[in-house]
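Open the model in your viewer and have the selection tool ready.

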Amino acid sequence: MSLSKPVVTARVGDDLRHESAHLHVSGRAVYCDDLPLPANALHAVFGLSPIAHGHVRSADLTQVLSAPGVVAVATAADIPGDNNYGGIIPDDPIFADGLVQYAGQPMFAVAASSHLAARKAAQRAQFEFERLPAILDIRSALAADSHVMPTQTLVRGSPHQQLGSAAHRLSGTVVIGGQDHLYLEGHIAIAIPQEDGVMLVHSSTQHPTEVQHVVAHALGRALQDVTVQCRRMGGGFGGKESQAALIAAAAAVLANKTGRPVKLRLDRAADMLMTGKRHDFLADYDVGFDAEGRITALTVMLASRCGYSADLSGPVNDRAVCHIDNAYYLEHVEIVSHRCKTHTVSNTAFRGFGGPQGMMVIEQIIEDIARTLGRDALAVRRANYYGLHTRNVTPYGMTVEDNVLHTITDQLEASSDYRRRRRAIAEWNAANPVVKRGLALTPVKFGISFNATFYNQAGALLHVYKDGSVRINHGGTEMGQGLHTKIVQIVAEELGLPVSAIRVTATDTGTVPNTSATAASSGSDLNGKAAQAAARTIRERLLNFACTTYRVTRSDIRFDQGWVQIGAERIRFADLAKQAYLARVQLSATGFYRTPKIHWDRTTFSGRPFFYFAYGAAVAEVAIDTLTGETRLLRADILHDVGRSLNPALDRGQIEGGFLQGVGWLTTEELWWNANGELKTHAPSTYKIPTARDWAQDTRVALLAQEPNREDTIHRSKAVGEPPLMLAISVLHAIRDAVAACGDGSVLPNLPSPATPEAVLKAVMAVRGEGST
């Protein structure tokens, strides 16, 4: 086999670098914006609504059409099919048609000879509106009974009765902010008309199949007439799961109207104004507990700001409900989940998909119980942990069968020197009136699978060529997380090849159809199993061929790093592939996988929605300046459960990146709308994500050893995309711990997230009795 690149050998479980690392660092990785365009291509820009809520009384686009370089304008009237990109409920218009419901909503798109010409032209639109009252926040939506979907309620036991007889009782509110994805590569799509009405779309998307569906429905075509391709994204984090369809559909409508290729790339401000974010939540809780801090009853009113449409708010809020328990057994519990409609951008998927917000609620409740009782929060956490054989059923009826919480906590408490540091911090705080320190250990139990059971499936297509090289295509998308790298390792392991012999190709709806989104941390679980199935099919064919041709038994054949041992003879894999081809053995195979055991009844909020749980814990130590409210992460100790890792280097990268993204969500990333519903934090100048300076100088990350997944996942690995983000909850509670040290313990720290310097300073003043929050 002649290879144009050096032979690289690695097995599943090795620290193999990202398959595109050499392209990333050299600037040669091709993203959507780098694709060469045909000579007649046009560039498109959206025209956005300047108001949050109102009827369009008149629209004058004549100045837009007459602007230099402009070729066409598209409005709702130019859409041949459905003016909708909502994937679950059809309430998301591609272009607003008579009614605008958030500031930044697309009203039209203009195509011109250059991106600059289109931007200038879009500013020339003239509209007259009849302004309507705008609901902008969760409390206002609750007061107005404004919802995008019906309220859901989960009840187990008799929480209200048990609350009445609880030894101790406490109530409070948890305020949780949203978060912008701020992926390095913004939204972009290129629509290229093909012959006979067919449309090719290059899209930066986590869900090519949904883009295919939306574009086809917008054009009034069958799915066979639309092909969507995505080689890689420059980050997604959930923001390109449903939202990418809007950009692709608008580009396709313009391409269909003009008959010319259209590229639609959002600039950063438009991206942040137009597209959805992590849902902000608030929760009012009432909890009963005993003298040890064990929860005896809990009621929670959980409400989220969904924005103007449903988007993915249904499953996001469902997952929040299913993660309010986090690591803790709740025998008597009621959760009322409101999905609030506001006149703001429709919020969407974001790493964790509602799980982080649910966990935030219970972690604050645990902390507040501990402070009320004067106990260490870790002791209260341990008192409430799920048991191994009893107290091990979730509020939605799933038995926790793979509990490693106790093992992780024991190991991390010891390795982080938690007890000694707790005493040292108490001594520090007693001696230092200005700079206070805080410490917290928080656990993570995160369910892995899509709540919507039908999404838990994947396909793959594998080709072996006559020279022994292999090409694999699967339904997952690469957004920097290393999914393609793990697929390469899996296929190489099955075929006994060096990883350099395997190439993963762009995700393509024309190659592997009906794919699920690369989301829910399931990319490797689903697509890895599908790729493995395809590779095993090929291996079986080659084994059967070799047995017949060389008159040996299967036990006499071994595939190893590009060679095949057949009895006493050793030949190259490429030679065996060539021989099989000449003997007319099929060297192409599909693979398919569906997650077993899972089932979910959304009407009763019961079942087994998750195949397994991923676990972890983190200890965070922080310092706060009580004069300014500034915070600093001093040390982070993380122990995370990845099962039997497919690639420890990539998994560590996901843990580190997820943790810091979570730190940003909970400390610096503040979304702020003014009284008119205009988002004013729509650029990195006003919206602050964490940088390298926010990384703790003393950070210790370890993978839980000798704990393979107890379920039959790909090589007994576990998902690692989303769970690490929730490890950052430890940072927020370390900050709350430092704030609490500013007072005498009689006032619980009232600290919302994000814990910006302003929020921290207000909380410090409140616990000192110097003011109110």
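Two strands count as paired if DSSP finds at least two bridges between them. Keep in mind that this model is predicted.

**The sheet.** Select the strands β7, β15, β14, β13 and β8, which form an open sheet in the order β7-β15-β14-β13-β8, with mixed pairing. Color β7 (147-156) and β8 (168-176): these are the edge strands, each with a single partner strand, so one side of each has no neighbour in the sheet. On average, neighbouring strands here are turned by 10° against each other, direction ignored.

Next select β13 (residues 281-289) together with β14; the two pair in the antiparallel sense over nine bridges. Across this pair, Tyr-285 stands opposite Val-300 in β14.

**One residue.** Stay in β14 (residues 295-307) and select Arg-305. Is Arg-305 buried or exposed? Its relative accessibility is 8%, so Arg-305 counts as buried, the cut-off being under 20%. A polar atom of the Arg-305 side chain lies 2.6 Å from the backbone oxygen of Leu-136. Beyond its sequence neighbours, Arg-305 is in contact with residues including Asp-137, His-279, Asp-280 and Trp-673.

**The helix.** Go to α16 (residues 573-582) and select Phe-573, Ala-574, Leu-576, Ala-577 and Ala-580, which are buried. Look down the axis of α16: its buried residues fall within an arc of 160°, so they line one face of the helix. Among the elements covering them are α14 (483-495) and α15 (523-550).

Key:
Residues are numbered from 1 along each chain as its sequence is written. This is a predicted model: local features need pLDDT of at least 70, side-chain atom pairs count only at pLDDT 80 or more; totals for chains, interfaces and linings use all residues. Side-chain values use heavy atoms; hydrogens and water are left out. Helices (H or I, at least four residues) and strands (E, at least two) are DSSP runs, numbered from the N terminus. Buried means under 20% relative accessible area, exposed over 50%, partly exposed in between (1.4 Å probe, protein chains only). A polar contact is a pair of N or O atoms within 3.5 Å; within protein, one must be able to donate a hydrogen and the other to accept it, and residues adjacent in sequence count only if both atoms are side-chain atoms. Contact means heavy atoms within 4.5 Å. The arc is that of the directions from the helix axis to the C-beta atoms. Axes are lines fitted to C-alpha atoms, for helices over the stretch in contact, and angles run from 0 to 180 degrees between N-to-C directions. Lists of a residue's contacts leave out its neighbours within four places in sequence.
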